Amino acid sequence: MPLLFQNRGLGRINSTAELFDKYPLLQENGRTFRSKPLVDVDPKCLLYVQQREFAATTPADNSVSVIGSDDATTCHLVVLRHTGSGAVCLAHCDGSSTWSEVPLLVKTVTSLSNVSKEGRYETHKQRQRIIKSVQPVQMLFIPSLCFPLCRLELHLVGGFNDESKTSHKLSLNILAAFQKQKEDIHLETCCITEINDIVIDEIHRPVVYGIGVNVKTGDVFPSSFAHKGPAEELRSARTFTGGQMADIYDSSRGLVKIGPCKWSPNLDIAFWLSQNDDTILKYLSTSPMAEPPHFVQHIKSTIQFLLEHPNSDSLFPGGQPQLYHRAETGHWERAV
């Protein structure tokens, strides 16, 4: 089914500029989103998603109230939510495997919706057939038609006008991948690439680097996060060494699950620890001029972690993932 906006198929998307020209309201919605103030999220209710990770849950979750992610420059942050069950997923996509990642996100949300007792899923075509089959007066007595349609809603945030056009390519690939899904998906927020761009001191940067989604209400908002755990360095090491998109959360048990991950010893990466910031930015970033201030330190911490743990097997005894649960203090704690 096509990706929809205001119940109309978007059709073929050749460029983001063309998309926003064709749908001015979509552009207006994106600009409205980027003008929202940053929301300060209590880490005691947060589930943080790093690059090349996703997490999904439902409003029944007692451990997580907000799923969030930030530090996105050319990366895109994807939120997919089912309005009936409230099942919601947030992913931090960098273009490594968009065409396999998008179906995974859709499957995850629809699976959580199928087991939920809240709401039911209806496609746009199913609803239209029902509406056409009854008289207007009869609609007053069909409860499912008197309330908003249960549907999948999509929010896309990220990218900017970078010189290499990495953001543009990722925007188009994500949109095209969602176009290919069999489910109807309604595009609600599209604050990507040129809509998320600002020029400061003649340098293009993203306006919004991070977002959160309220699991209970579905509200999506700009945010930044000081706490990026649990196991921040381990998770960064997984991505740095080529790990693919990973589901990091078991919502049925309220557990963050990391790994097991595999990497080989590589002492050559110690080279980067002696390099200056400009060199690291030039060679290890897709957008050297737009990275947040802590980018270089983050890279160095990740490399140091890999040097201290050259064999990943020792981090996962018995080949089992590391598990973390929400402790009484509100922080994530390693589960034994």
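This is a predicted model: local features need pLDDT of at least 70, side-chain atom pairs count only at pLDDT 80 or more; totals for chains, interfaces and linings use all residues.
Colleague: How many residues does the largest nonpolar core have?

Modeller: The largest nonpolar core has 77 residues. Those with the most contacts inside it are Ile67, Val78, Leu154, Phe178, Leu187 and Ile211.

Colleague: And which helix gives the most to this core?

Modeller: Helix α8, residues 295-308, gives the most, with six residues.

Colleague: Take Leu187. What does it touch?

Modeller: Leaving out residues up to four places away in sequence, Leu187 touches Leu3, Leu4, Phe5, Leu10, Leu26, Leu154, Leu156 and Leu175.

Colleague: Which residues does the second, separate core include?

Modeller: That core has seven residues, including Leu46, Tyr48, Phe221 and Phe225.

Colleague: Changing topic. Where does Val102 lie?

Modeller: Val102 lies in helix α3, which covers residues 98-115.

Colleague: Is Val102 buried or exposed?

Modeller: Val102 has a relative accessible area of 3%. The cut-off for buried is under 20%, so Val102 counts as buried.

Colleague: What is Val102 in contact with, leaving aside neighbours within four places in sequence?

Modeller: Val102 is in contact with Ala177, Phe178 and Gln181. Phe178 is also among the residues with the most contacts inside the largest nonpolar core.

Colleague: On to His76. Where is its place, and is it buried or exposed?

Modeller: His76 sits in strand β6, residues 76-82. His76 is buried, with a relative accessible area of 1%.

Colleague: Which side chain does a polar contact join to that of His76?

Modeller: The side chain of Ser171, in a polar contact of 2.6 Å.

Colleague: What else does His76 touch?

Modeller: Not counting residues up to four places away in sequence, His76 touches Ser171 and others, among them Ala91, His92, Cys93, Val157, Ser167, Leu170, Ile192 and Thr193.

Colleague: Last topic, the open sheet. What is the order of its four strands?

Modeller: The order is β15-β16-β17-β18, with antiparallel pairing.

Colleague: Why is one side of β15 and of β18 left without a neighbour in the sheet?

Modeller: β15 (249-250) and β18 (332-334) stand at the edges, and each has a single partner strand, so one side of each has no neighbour in the sheet.

Colleague: How many bridges join β15 to β16?

Modeller: Two bridges join them, and the strands run antiparallel; β16 covers residues 255-258.

Colleague: Which residue in β16 does Tyr249 stand opposite?

Modeller: Tyr249 stands opposite Val256.

Technical notes: Residues are numbered from 1 along each chain as its sequence is written. Side-chain values use heavy atoms; hydrogens and water are left out. Two strands pair if DSSP finds at least two bridges between them. A nonpolar core is a set of buried Ala, Val, Leu, Ile, Met, Phe, Trp, Tyr and Cys residues joined through side-chain atoms within 4.5 Å. Buried means under 20% relative accessible area, exposed over 50%, partly exposed in between (1.4 Å probe, protein chains only). Contact means heavy atoms within 4.5 Å. A polar contact is a pair of N or O atoms within 3.5 Å; within protein, one must be able to donate a hydrogen and the other to accept it, and residues adjacent in sequence count only if both atoms are side-chain atoms.
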